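Hello,

Here is the structure I promised to pass on. Please open it first, then read my notes below.

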Amino acid sequence: EEPSDVPRCIPLTAPVGLKPVVFDKIGEERADQGLTLLEAQQGLIPSTQPELVRKTSVVVVPTEKEEKAMLQHILAYTESLEDKARAVKEAQKDKLRYLRHRWKNMTTRELSTFVDVVMGFVITINAIIMGVSMDYDSTHNAWIVVDFIFSLLFVAEIVIKINLHGLAGHFCGPTYVSSAFDASLLAIDLANVILLLSGTDAQHAEGMPSASLLRLVRLLKLLRLLRILQLNVFSDVVTMVQGIIGGMGTLLWSMVLYVIMIYMVGLLCRALMGTRQLDNVYEMFSTVPRSMFTTFRCSFGDCTTSSGQPIFEFVHDGYGSFASVLYCIFVFSVTIGIFNVVSAIFVERTLEAASDMHKAQKDQRLQDETLWNTRITTLIRHMVEASEESPFQGKLSEAVDTVHSIDMHTSLFDALVKRPEVKQALDDLDINPDDHRYLSELLDPDNGGSITVVDFVNGLRRLRGDPRRSDIVHVNMMLRSMQLAVCETQVSVFEIESQIHKLRDALLPAGQAVAPTSLESEP
């Protein structure tokens, strides 16, 4: 008979469709070629429970060839960047030749950014000169010449942009809005210059706006300075602007709420204090718009007449203490209540927008292949230098086999992490400084007392960034899968023991006693 204490597997569902644990794109193709299978695990599923047929996640373990290919890609990528930097450094010794070479090899995007930076300075200077010219005779020949020079510079900018992107690419590409805006402002510049050169001031031309108005319109070209904010030097400015834009919705709704409150209080003041002829009071509340404006001023503390006398001193004399009490309640409610609540919500939305932008920047850093490859190469070089093997001379990408075979003891690794260059590389990879002292334990998966280069690279990739809920869920799903496997293994062991028990009874003479096995002796 089969033992009555054979355990039954709990019908857990194994994780379905989990991506294999790999540390680069090598191996993902293998996972996509049907390695997650629906199969009856023959030999593991009890014959009495044929329904235990589940999807099983196959964890793809990278082969040694794939691990070496991953290291080869990282090292070769970094060394190519270093070779380019070294060539640039050598070329910089001859400044003139370097500038010619750099200019010839600039990409279209780099040239466009360079033109935007130069024109940003030109627009700023033009705005300053326009401000100075407004205080003097703007029709003087000197100002006409200056306007003409700036107009030529703006024409040259559009010609250069068309040459870089083509006519269709400039006016129909991703920046078509700003391109059309630049062209319209350039037309205004040229029209103004033509009028000035012809001796006809735009101010006296029939149907034309004044020259001062045209110059003010040209100040809108300062908006084009926003395009150079994509440079890293303006990252803090971008963060502030992004935060302000994120809080604009809250600011607009707070304005709606405030206008409604001012309207209601203004109507009340118009009904109470705008019907009786009282000096220094009636004229401040004689109409609804005037009453709303006076209420607005009082809410910000400027509750005075045109001569500077407090309005509600006269209100107190004419309407009594009750009106003064209402005024105190109004000022207290607006100042302490509404203004503080609006400020708090606006600050909260601004901080949320800044936090979202910071998170986006951090995600971009995590996806930066250049940052990852260069810092990992720096760390691998320190591992090669600190290893007990003889120091390697030459390019690491040409000795991948040597790098792959490095197996560093945890004590040496602890000393390696204390180096300033290693700490800086780990910080650049967003590895929490509090985890540096525990890296030798975290990166030793088999607890064997040594760390390989592959374990080091694979572990650092998982340590990057902030903790995520998916990390815990992944471990939980893997534990469920292991629980199922252990349960099925236990069933198989009891089946094997049952078969052994039957064979033993069949082979031994009848009535001969046999010592119980270890499993039979267990309660």
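What follows is a short tour of what was found.

Please keep in mind that this is a predicted model.

**Overall**

The protein chain contains 21 helices and four strands. Of its 523 residues, 31% are buried. The chain exposes about 32,700 Å², and carbon and sulfur atoms supply 62% of that area. Take the contacts between residues at least 6 apart in sequence: 69% of them join residues at least 24 apart.

**The cores**

The largest nonpolar core has 32 residues. Those with the most contacts inside this core are Leu 71, Ile 376, Leu 379, Ile 380, Phe 413, Val 457 and Leu 460. Two or more residues each come from α2 (64-91), α14 (369-386), α15 (400-404), α16 (410-417), α17 (420-428) and α19 (453-463). Helix α14 gives the most, with seven residues.

Neighbours within four places in sequence aside, Ile 380 is in contact with Leu 71, Leu 75, Leu 396, Val 403, Val 453 and Val 457.

**A helix pair**

Next, look at helix α12 (residues 311-319) and helix α13 (residues 321-366). Their axes come within 6 Å and cross at roughly 140°. On the α12 side, the contact is made by Phe 312, Val 315, His 316 and Tyr 319. On the α13 side, Ser 321, Ala 323, Ser 324 and Tyr 327 take part. What kinds of residue make up this contact? Five are nonpolar, three are polar and none is charged.

Thr 350 touches Gly 243, Ile 244 and Gly 247, not counting residues up to four places away in sequence. Thr 350 and Gly 247 are 103 residues apart in sequence, yet their C-alpha atoms are 4.8 Å apart in space.

**Cysteines**

How many disulfides are there? The count comes to one. Cys 298 and Cys 303 form it, with their sulfur atoms 2.1 Å apart. The link of Cys 298 and Cys 303 is right-handed, with 55° about the S-S bond. Are Cys 298 and Cys 303 buried or exposed? Cys 298 is buried, because its relative accessible area is 4%. Cys 303 is buried too, with a relative accessible area of 6%.

Cys 328 counts as partly exposed, at 48% relative accessibility. Cys 487 counts as buried, at 15%.

Most residues other than glycine have a negative phi. Which residues have a positive phi of about 65° without being glycine? Asn 280 is one of them, and Asp 430 is another. Asn 280 sits in the loop between α10 (248-273) and α11 (288-299). Asn 280 is partly exposed, with a relative accessible area of 21%. Asp 430 is found in the loop between α17 and α18 (439-442).

Best wishes

Definitions and conventions
Residues numbered from 1 in each chain as written. Predicted model: local features only at pLDDT ≥ 70, side-chain atom pairs only at ≥ 80, totals over all residues. Heavy atoms only, no water. Disulfide = S-S within 2.5 Å. Buried < 20%, exposed > 50% of the residue type's maximum accessible area, 1.4 Å probe, protein only. Axes fitted to C-alpha atoms, helices over the stretch in contact; angles between N-to-C directions. Contact = heavy atoms within 4.5 Å. Nonpolar A, V, L, I, M, F, W, Y, C, P; charged D, E, K, R; others polar. Areas by Shrake-Rupley, 256 points an atom, 1.4 Å probe, with all protein chains shown as cover. Core = buried A, V, L, I, M, F, W, Y, C linked by side-chain atoms within 4.5 Å.
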